[in-house]
Amino acid sequence: MDWMAAPDISEQIDEIVRRLGFVNVDCSRIVCFRSRGSVSRAQARIWGLSRVWQQALRVPAYYVIEVLSERFDKLSPEERTKVLIHELLHIPKNFSGSLLPHRGRTGRIDSRRVERLYRRMLGGSERAGTS
């Protein structure tokens with residue numbers, strides 16, 4: 001599997017975070033990659049730097065958003081944005097390096113929630129709050 005920096009995805013993440021008002025997300029600590037050669041069915045994945053690694057390396061929390069080129073790049077611009085919103089919803093409010101599950105105390109990460117946030121982003125005037 002090959003990994004390449006994805007500055008286009010980083011720019012899109014920055015725009016989504018800004019437009020949705022995700023104040024908990026520090027875009028300077030999100031690194032984006034495009035991968036090729038994966039056999040996964042996923043379109044994108046998010047990876048968190050766990051607390052033990054943060055302490056061992058003496059670094060703050062970071063996240064990696066990986067888009068799987070074979071699937072992600074074939075999506076429409078709208079669907080790409082929705083996939084990235086979905087991945088950002090896995091980041092907890094404390095930006096700790098951990099990941100939120102699809103179902104949990106903080107709510108669900110599902111297509112209805114993503115759609116609602118996407119529509120708010122398009123409208124521009126309504127603030128979605130933190131993820």
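1. The largest pocket of this predicted model holds about 190 Å³ of space, where a pocket is an open set of points on a 1 Å grid over the protein atoms alone, at which a 1.4 Å probe fits, with protein on both sides within 12 Å along at least five of seven lines. The volume is the space filled by probe spheres set on the points, which are joined across faces, edges and corners.

2. Local features here need pLDDT of at least 70 and side-chain atom pairs count only at pLDDT 80 or more, whereas totals for chains, interfaces and linings use all residues of the predicted model. Residues are numbered from 1 along each chain as its sequence is written, and side-chain values use heavy atoms, with hydrogens and water left out.

3. Lining residues, which have an atom within 4 Å of a point, are Q43, A44, K82, V83, H86, E87, D110, S111, V114 and E115 for the largest pocket. The elements giving two or more residues to this lining are α4 and α5, and α4 gives the most, with four residues; helices (H or I, at least four residues) and strands (E, at least two) are DSSP runs numbered from the N terminus. By type, the lining divides into three nonpolar, three polar and four charged residues.

4. The largest nonpolar core has 31 residues, and I13, I30, I85 and L88 have the most contacts inside it; such a core is a set of buried Ala, Val, Leu, Ile, Met, Phe, Trp, Tyr and Cys residues joined through side-chain atoms within 4.5 Å. Two or more residues of this core come from each of α1 (7-20), β2 (30-36), β3 (44-48), β4 (63-68), α4 (77-88) and α5 (111-123), and α1 gives the largest share, five residues. Not counting residues up to four places away in sequence, I85 touches I16, L20, V114, L117, Y118 and M121, a contact being heavy atoms within 4.5 Å.

5. The loop between α4 and β5 (103-104) holds S96, which counts as buried because its relative accessibility is 18% (buried means under 20% relative accessible area, exposed over 50%, partly exposed in between, with a 1.4 Å probe and protein chains only). Beyond residues up to four places away in sequence, S96 touches L49, Q54, A61 and Y63.

6. F95 also lies in the loop between α4 and β5, and has a positive phi of about 45 degrees although it is not a glycine; at 6% relative accessibility, F95 counts as buried. R58, in the loop between α2 (51-57) and β4, has a positive phi near 55 degrees, but R58 counts as exposed at 77% relative accessibility.

Note on methods:
Nonpolar A, V, L, I, M, F, W, Y, C, P; charged D, E, K, R; others polar.
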